[in-house]
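Subject: Structure handover

Hello,

Here is the structure for you to look at. Please open it alongside the notes below.

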Amino acid sequence: MTTIQNSDQMHANDVAAIDELRSVYNQLKGELAKIIIGQEQVIEHLAICLFARGHALLMGVPGLAKTLLISRFAETMELQFSRIQFTPDLMPMDITGTDILQETPGGKREFEFVKGPLFANIILADEINRAPSKTQAAMLEAMQEYKVTVIGRTYQLTLPFFVLATQNPIEQEGTYPLPEAQLDRFMFRIEVDYPERLEEIEIARTTTGVSLPSLEHVLTGDRVIAFQDLVRRVPVADHIYEFAVDLARATRPKGDAAPDWLKPLVAWGAGPRAVQYLILGGKARAALSGSYMVRLEDVVAVAEPVLMHRVITSFTAESENVTSRDIVSRLVEELSEGG
């Protein structure tokens with residue numbers, strides 16, 4: 001018999017709140033549709049990350065409106081938005097802030113902390129792999145701990161705190177590739193692909209005329225936090241937990257759970273954080289679609305963005321032109337069908 005952890009039935013208030021979240025999500029999509037043509041799955045993944053209290057890494061070639069999408073996504077919420085253009089000369093204090101010597105009204109000079117662009121609710125980290133490792137480490141602390149440390153003093157960041165980073169997969173000269181430890185802090189790796197032909201015609205039509213419309217706010221910071229708490233309370237059946245664990249364990253080439261075909265293709269598999277994000281992603285997707293409990297299809301739908309950057313392919317895979325997406329897709333298909 002299928003059992004559900006925490007409770008067999010959601011509280012009536014939570015049921016109403018999920019209905020409200022679904023309505024808000026539809027409003028958010030409606031606002032973005034005024035400017036963003038297509039990219040429905042990208043928008044869904046961004047919303048899942050936001051309400052699951054995760055961060056997202058967007059991958060795509062230049063010109064696919066990644067920056068526009070993120071800035072407009074932030075515009076639909078009454079939250080403070082900050083854009084950081086990462087460059088090779090960017091130092092940690094440029095994003096965290098630093099102490100500045102100021103003169104007081106009494107004529108004395110004192111150090112005063114001036115906040116950097118990280119002190120916002122939604123952060124667009126544009127081309128994050130162009131920053132040196134010290135700056136990436138400062139960003140890592142903010143993403144994981146919701147705080148920054150400057151000259152030995154710690155400053156808490158304001159919640160909600162949501163980092164959306166972009167990377168250009170083509171141009172790698174002069175970049176500092178993100179280490180696996182920092183990649184693991186991103187809940188999703190979201191692939192932004194070229195639009196369909198009809199979508200591209202519509203893009204040409206709508207973006208070459210008059211100025212783009214402004215978007216209405218559909219969310220406040222307090223409501224985002226309340227919905228994030230709500231997502232955590234969505235019930236999960238035991239077999240869903242087992243599927244998430246089995247999927248992550250199957251990616252580890254040195255483990256007994258890995259299929260024989262995978263072992264020569266993968267150098268490193270996903271860790272326990274992947275299991276957490278599979279469950280949280282499933283919870284958020286279920287709530288956004290108006291479901292009162294997590295379904296297997298919810299976890300399957302978030303498997304690729306959760307696992308693609310956590311499954312590190314081997315030289316054999318590269319030589320055979322096998323990608324991490326191919327590996328994850330095959331694993332999901334085998335496990336969801338019972339192997």
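Met 59 stands opposite Gln 167 in β10. Strands here, like helices, are DSSP runs numbered from the N terminus: a strand is E over at least two residues, a helix is H or I over at least four.

Before going further, note that this is a predicted model: local features need pLDDT of at least 70, side-chain atom pairs count only at pLDDT 80 or more, and totals for chains, interfaces and linings use all residues. Residues are numbered from 1 along each chain as its sequence is written, and side-chain values use heavy atoms, with hydrogens and water left out.

β2 and β10 run parallel and are joined by four bridges. Two strands count as paired if DSSP finds at least two bridges between them. β7 is also parallel to β10, again through four bridges. In that pairing, Ala 125 stands opposite Ala 165 of β10.

The whole sheet is open and has five strands. Their order is β4-β7-β10-β2-β11, with parallel pairing. β4 (81-85) and β11 (188-191) are the edge strands; each has a single partner, so one side of each has no neighbour in the sheet. On average, neighbouring strands are turned by 20° against each other, direction ignored. For such angles, axes are lines fitted to C-alpha atoms, for helices over the stretch in contact, and angles run from 0 to 180 degrees between N-to-C directions.

β4 pairs with β7 (residues 122-126) in the parallel sense, over five bridges. There, Phe 81 stands opposite Ile 122 of β7. Helix α2 (residues 40-51) packs on the sheet. The α2 helix touches β2 (56-59), β10 (162-167) and β11. Its direction makes about 165° with that of β11. Contact means heavy atoms within 4.5 Å.

**β10, inside the sheet**

How many residues of β10 are buried? Six of the six, so the strand is largely enclosed by the rest of the structure. Buried means under 20% relative accessible area, exposed over 50%, and partly exposed in between (1.4 Å probe, protein chains only). Both faces of β10 are covered. Phe 162, Leu 164 and Thr 166 are buried on one side. Val 163, Ala 165 and Gln 167 are buried on the other.

**Three residues to look at**

*His 55.* Find His 55 in the loop between α2 and β2. Its relative accessibility is 2%, so His 55 counts as buried. The His 55 side chain reaches two backbone atoms. One is the oxygen of Met 143, at 3.0 Å. The other is the nitrogen of Val 163, also at 3.0 Å. Leaving out residues up to four places away in sequence, His 55 touches several others, including Cys 49, Tyr 146, Phe 161, Arg 185 and Phe 188.

*Pro 160.* This residue sits in the loop between β9 (153-156) and β10. Pro 160 counts as buried because its relative accessibility is 4%. Apart from residues up to four places away in sequence, Pro 160 touches Leu 79, Asn 121, Gly 221, Val 224, Ile 225 and Gln 228. Pro 160 and Glu 199 are 39 residues apart in sequence; their C-alpha atoms are 33 Å apart.

*Asp 298.* Look for Asp 298 in helix α11 (residues 296-307). At 0% relative accessibility, Asp 298 counts as buried. Which side chains does the Asp 298 side chain make polar contacts with? One is that of Arg 285, at 2.7 Å. Another is that of Arg 295, at 2.8 Å. A polar contact is a pair of N or O atoms within 3.5 Å; within protein, one must be able to donate a hydrogen and the other to accept it, and residues adjacent in sequence count only if both atoms are side-chain atoms. Setting aside neighbours within four places in sequence, Asp 298 is in contact with Gly 282, Arg 285, Ala 286 and Met 293.

**The protein overall**

The secondary structure comes to 13 helices and 15 strands. Along its principal axes the C-alpha trace spans about 75 × 50 × 45 Å. Of the 339 residues, 48% count as buried. Among contacts with a separation of 6 or more, 76% join residues 24 or more positions apart.

Regards
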